[in-house]
Amino acid sequence: MNNKIAVWIITGMLLIGVVGIVIFQYATPGNETAKSPPDEEEQNGDKEPNVKQQNNAAGDGHFSAQHQDYPGEAAPDFSAEELTKKPTNNWITNGGTIYNDRYSPLDKIDTSNAGDLKLEWVTRMGTGLEFKYSGESTPLVYDGVMFNITGENHVVAMDATTGEMIWEYKPKLPENLDTLCCGWANRGVALGDGKVFVGLLDARLVALDQKTGEVVWETQVDEWEKGYTITSAPLFYDGKIYTGVAGGEYGIRGYMAAYDAAIGREIWKSHTLPAPGEEGSETWPEDNENWLTGGAPIWMTPAVDPEEGLIYFAAGNTSPDLDGSNREGDNLYADSVIALNADTGEHAWHFQEVHHDIWDYDPANPVVLFDVEMDGETRKGIAQAGKTGWVYLLDRTNGEPLVGIEEKPVPQLDKQKTSPTQPFPKGDSFVPQTITKEDIEQDLSDDFDGPYGDIFTPFWEEPLTVKPSPQGGANWPPSAYNPNTELFYVLGNDNYFSYAHYAENEENKFEQGKEWLGSIWQPVENTPSRGTVTAIDVKTNEIVWQNDWDTLAYSGILTTAGNLMFTGHNDGRIIAYDATNGEKVWEFMTDAGANAPPITYKADGKQYISIFSAGNSLAGTQHGDKIYTFSLEGDYESAEDMPEDEINVSPVQDKMKFQQGKDTDSGNNAVDQGLNVYENNCLSCHGEDGSGGHNGPNLQQTDMNQEQLIKQIKNGGGGMPGFEGTLSEEEINSVIDYLKGLKQTND
């Protein structure tokens, strides 16, 4: 009898243990979203042994599929020393190190042999091909395994030496997700403690098992319906996951937050806009609550200095972006480089690059930490490349200028409550900051007679054309620093934009979850868009060399001890330059816009260069879904040389397909279908209702007839890609009907 009792007790304890494990795995502590156990392994009625479909408590599902046993070791709880060590065998964090310097000491590939680089392997990610998606991610590599993510938030682990897929994870995002100012993009994942960490566009933070791709925990960071989204790669450091929130165009209150990497519970949150009574609140009006909707999002992955115990990032644009009439003051800490205590989130220091921004000149480029000897002393520097076209060089211990920055008077306009001065860094700008009469004659049409101005020229009802544009200067594509050359490498954009305030203030009211720009902006039609690739001396902030492009520079940068600087081009090329003088030493044409940052790593004694070439909506480039990886021992001199059957693809690609966001075929009539086609393919460039986009003209004012519209949509032109072969005749006609409706409504 006693033995039976003992058996029952042991059995009961085992059952309790099993139940406890299940509860722990599918119920999340703190503010995480609870998940229900896995559903049957089926999709569309067909069973697939290695494809799992799961749902969380909110009904948001995901798929995971494991194709082969994981070949490497699980990542450890990386130490500060490991995270600051320059990358060689691995690339374990978004910026190469937690300094975000994107520099590798690998030198097997150098200026003498880079011309011999050939294609080693190619992998198709299989998602993110629709025009609304952008491929902006930096792959990670650890112990022979690469991890990458598409604009559709689809994560793949693959063999870093062959590209063969190991596992896949694809979340189901809300069908009505529409609070995305700039298309669907994700800039990478984080890695540590045996997990892959993913920030999803609907403001979820997810931890995946590094060896299987299955969900370990999931946390709802915020509500996308209010405009909060996540586009940056999270950062793993000291057992924590750090992430900021995007959504500055939607009247959010930005913040950086830290989460426990083991379970996903929030540890601290630090808002980028001060509450009344806090330091900085005096820079906002006292008679309204604009600080609650003032923006200051975070577009970038932060950097960390373990010795200082500080985490660094830049807060983005004010909200509304272009109307300062009701937010008098400098509007801290928007448009500012910020340092926080990495353990507590407590504010350490800040430097504001643009006071009371009305031009969307916010810093979107990741901050870069570097050490350099100046005047016989080693200085701890931090660099941030602004949309203004300047690099802001600061002492990262205290936020003081490392190279001089002077407050200078700027043009004033009482209606916009403009700041009397703005910071002007000593040194060179890497893009033009003024429009000359020669520019007007060379670049603008003969009938252009509107006002134009320099950087910081204010505007009101009459359209004003200025440089730089809200695309930059430097936008999100990451910069890099090479300690050997002591040069900072940055990509710049140079194009013409016009701004005008809404004639009716009725159109400038905040509504939660709706885009809130406050004014109108658009690129000047039929004008050139140019780019710059620039090397800047961090001791003087002066240009050492610069290459000019005839298109926007919209990719990101890698630099190595092989005296090389790699970047991608809108036309699909990955290009290598001599890091000291900017001479081109190699290029390779991919099949889509090369609009993501390259990386390098070593496996089995071989150095590789990889880039995700998938196109970009705002750059208007050809879309694709491939990772291209090169080595000196590669076999293929061109993409056409590689046989199609040599390209890695998902074994279950068809099983994991589902529509993200609104379905272009779901409309009940032609107008609905036209709206859906527009939102999936046109909105990120042309804006809601055809106006206010980031690099497309106002479609409410188009004078094109049916034939001209069909030709433009099919063939593209003027910075717009062609959609022939991407959109069907029915879809093209439906979106034209939608555009005609917009014009009639606004005539």
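## A buried cysteine and its disulfide

In this predicted model, Cys181 has a relative accessible area of 8%, and because that value is under 20%, the residue counts as buried. Cys181 is joined to Cys182 by a disulfide, with a distance of 2.1 Å from S to S, and the structure holds 1 disulfide.

A disulfide is a covalent bond between the sulfur atoms of two cysteines. The torsion about the S-S bond of Cys181 and Cys182 is about -70°, so this disulfide is left-handed.

The structure holds 29 aromatic pairs. One of them is formed by Tyr489 and Trp545, whose rings are tilted, at 6.1 Å centre to centre and with 45° between the planes. This pair links distant parts of the chain, since Tyr489 belongs to strand 33 (residues 487-494) and Trp545 to strand 37 (residues 542-549), 56 residues apart. Tyr489 is buried, with a relative accessible area of 0%, and Trp545 is buried as well, with a value of 6%.

Phe588 and Tyr628 also form a tilted aromatic pair, with 6.4 Å between the centres and 55° between the planes. Here too distant parts of the chain are linked, with Phe588 in strand 41 (residues 584-589) and Tyr628 in strand 44 (residues 626-631), 40 residues apart. Both Phe588 and Tyr628 are buried.

## A cluster, and charges over rings

One aromatic cluster is made up of Phe78, Tyr142, Phe197, Trp217 and Phe236.

Charged side chains also meet aromatic rings: Lys269 lies over the face of Tyr255, at 4.3 Å from the ring centre, while Arg396 lies over the face of Tyr99, at 5.3 Å from the ring centre.

Technical notes: Residues numbered from 1 in each chain as written. Predicted model: local features only at pLDDT ≥ 70, side-chain atom pairs only at ≥ 80, totals over all residues. Heavy atoms only, no water. Disulfide = S-S within 2.5 Å. Buried < 20%, exposed > 50% of the residue type's maximum accessible area, 1.4 Å probe, protein only. Phe/Tyr/Trp six-rings, centres within 6.5 Å; stacked < 30°, edge-to-face > 60°. Helix = DSSP H or I, 4+ residues; strand = E, 2+ residues; numbered from the N terminus. Lys NZ or Arg CZ within 6 Å of the ring centre and 35° of its normal.
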